[in-house]
Structure formats: structure tokens, C-alpha cells
Amino acid sequence: MSLFPLLIGACLTSLDGGQRESDRGGRMADLVRRADRAMSTLTFELERSGFATAGGVDFPFFVDGAALDDAPELHRHAAANVAAGAANTAREVVFLLPQDANDDGWPDLTPSMQNVAWDPTEVSYVLLPSPDGSNELVRREDGANDRVLARGVRRFLVEDAASTGFAFPIDTLRITLELEDSGVGDARQELTSTRLVTLPNGTPDED
């Protein structure tokens, strides 16, 4: 009889530990789903974009989250909350998408039929602060029409080859998205997702 309470306690401890592990696994699965959903949108659009010049501006261009005052006025916003220990929390991207007037999924061409006709709308992915101390990854058009792609974002970086010392090909961008859940202390979980995107029209030196 004296062993019975010990056995019961051991069973309860085991069940509690199993429940905690199950909860952690479920939260990690949720982080994976959130990252995949955001990355799918990011990669789909960036793979349709390309190197373009419009109004004397070269696209894509990048905005350092620590130097928002230097960004074009259209793309300035409140600074993201800085992730603890992060050297850089945000490097945002502004790009153009091809025109598709007949919505057939194929880019329109210029009258000369030589080049892609670019939509003048400036699309950007930016990191905005949240009241809970984290950030939201937001898609914008001309600095407005916000659409949230992910919440609980610690870091968001879009890097071109030059910014990484040419660690990858010049026609490629690297996207890094770091998410966290709402846990506290040791219960907090983080996930980093990284993808490479190749722009379809060559290098910045080409038309």
C-alpha cells in the first residue's frame, strides 16, 4: 500500500510530461504551417517579379529596417520591434510585378515586344511592430492596402547576392523568416525558414 501513492505520482508525472511534449509539438507544427503559408506567398510573387527600372528607380530595392528614415517616403513606417540578440531584424524588399491586363497568367509585353511591361504599383514586404512586442510581416502596395502574411515575426530579411558577399548567384534573393510562438521562457519556441528565389529575367545588368 505504501508504494501505491508513489506509483500514482509517477504516472501523473509521466502524463503531465507527455502532455507538455504534445503541446510543444503542436505549437511547433503551427509555426511550420505559418512559415510555409507566408513563404508560399513571398516566393510566388518574387518569382514573378524581376530586375526592372521605372521612373529612374531600379527594382527590386531593399530597405534596411534600422535605416527607415533613408527609405523613399512611400515606404517609411514605424520601426519593427528588435529581436533580442539580432544584428538586424529587418531587411525589406520593394519590387514590381509584370502587367497582366487580360489576366491570363502571362506577362504583357511592351509595344516593341522586346521587354516585359511592368505594373507601376510598388509592392513591398515590410515588418511592422505589434503591441505584444513582436512584429507582423505585411504586404503593401504603394505603401498602403496592408495584408498581414504572418504574425509573431522575430526577423525578416531579404538579401541580394551583393549584400552577402556573393554567397549565391547574382540573379537570386535569399529570404529568411524567423517566427516565434506565444510561450514564455523555456516554453517559447522559434522557427527559422530560409528560401532562395531566382528572378526570371537574368541579372541586374540586363534589360
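Me: Is strand 8 (residues 153-160) largely enclosed by the rest of the structure or largely open?

Reply: Some conventions come first. This is a predicted model, in which local features need pLDDT of at least 70 and side-chain atom pairs count only at pLDDT 80 or more, while totals for chains, interfaces and linings use all residues. Residues are numbered from 1 along each chain as its sequence is written, and side-chain values use heavy atoms, with hydrogens and water left out. Buried means under 20% relative accessible area, exposed over 50%, and partly exposed in between (1.4 Å probe, protein chains only). Strand 8 is largely enclosed by the rest of the structure, because seven of its eight residues are buried.

Me: How many helices and strands are there in the protein, and in what order do the elements run?

Reply: Helices (H or I, at least four residues) and strands (E, at least two) are DSSP runs, numbered from the N terminus. The protein has one helix and ten strands. From the N terminus on, the order is α-β-β-β-β-β-β-β-β-β-β. Of its 207 residues, 40% count as buried.

Me: Which strands does strand 8 pair with, and do they run parallel or antiparallel?

Reply: Two strands pair if DSSP finds at least two bridges between them. Strand 8 is joined to strand 4 (residues 90-95) by two bridges, and these two run parallel. Ala90 stands opposite Phe156 of strand 8.

Me: Which residues touch the most other members of the largest nonpolar core?

Reply: In soluble globular proteins, nonpolar side chains tend to be buried together. A nonpolar core is here a set of buried Ala, Val, Leu, Ile, Met, Phe, Trp, Tyr and Cys residues joined through side-chain atoms within 4.5 Å. The largest one has 28 residues, of which Leu42, Tyr125, Leu137, Val153, Phe156 and Leu177 touch the most other members. Two or more residues each come from helix 1, strand 4, strand 5 (123-129), strand 7 (144-151), strand 8, strand 9 and strand 10 (190-198). Helix 1 gives the largest share, six residues. Apart from this core lies another, of eight residues, including Ala52, Phe59, Val63 and Leu96.

Me: Is Asn135 buried or exposed, and what does its side chain reach?

Reply: A polar contact is a pair of N or O atoms within 3.5 Å; within protein, one must be able to donate a hydrogen and the other to accept it, and residues adjacent in sequence count only if both atoms are side-chain atoms. Asn135, in strand 6 (residues 135-141), is buried, with a relative accessible area of 1%. Its side chain reaches the backbone nitrogen of Asn81 at 2.6 Å.

Me: Which side chains make polar contacts with that of Arg139?

Reply: Arg139 is also found in strand 6 and is buried, with a relative accessible area of 8%. Its side chain makes a polar contact of 2.8 Å with the side chain of Glu45, and another with that of Glu141 (2.8 Å).

Me: How many salt bridges does a search of the whole structure find?

Reply: Side chains of opposite charge can pair when their charged atoms come close. A salt bridge is a side-chain nitrogen of Lys or Arg within 4 Å of a carboxyl oxygen of Asp or Glu. The search finds twelve. One of them joins Asp30 and Arg33 (3.8 Å, N to O), which both lie in helix 1, three residues apart, about one turn of the helix.

Me: Which salt bridge links distant parts of the chain?

Reply: The side chains of Arg195 and Asp36 meet in a salt bridge (3.4 Å, N to O). Arg195 lies in strand 10 and Asp36 in helix 1, 159 residues apart. Arg195 is partly exposed, at 28% relative accessible area, and Asp36 is partly exposed at 36%.
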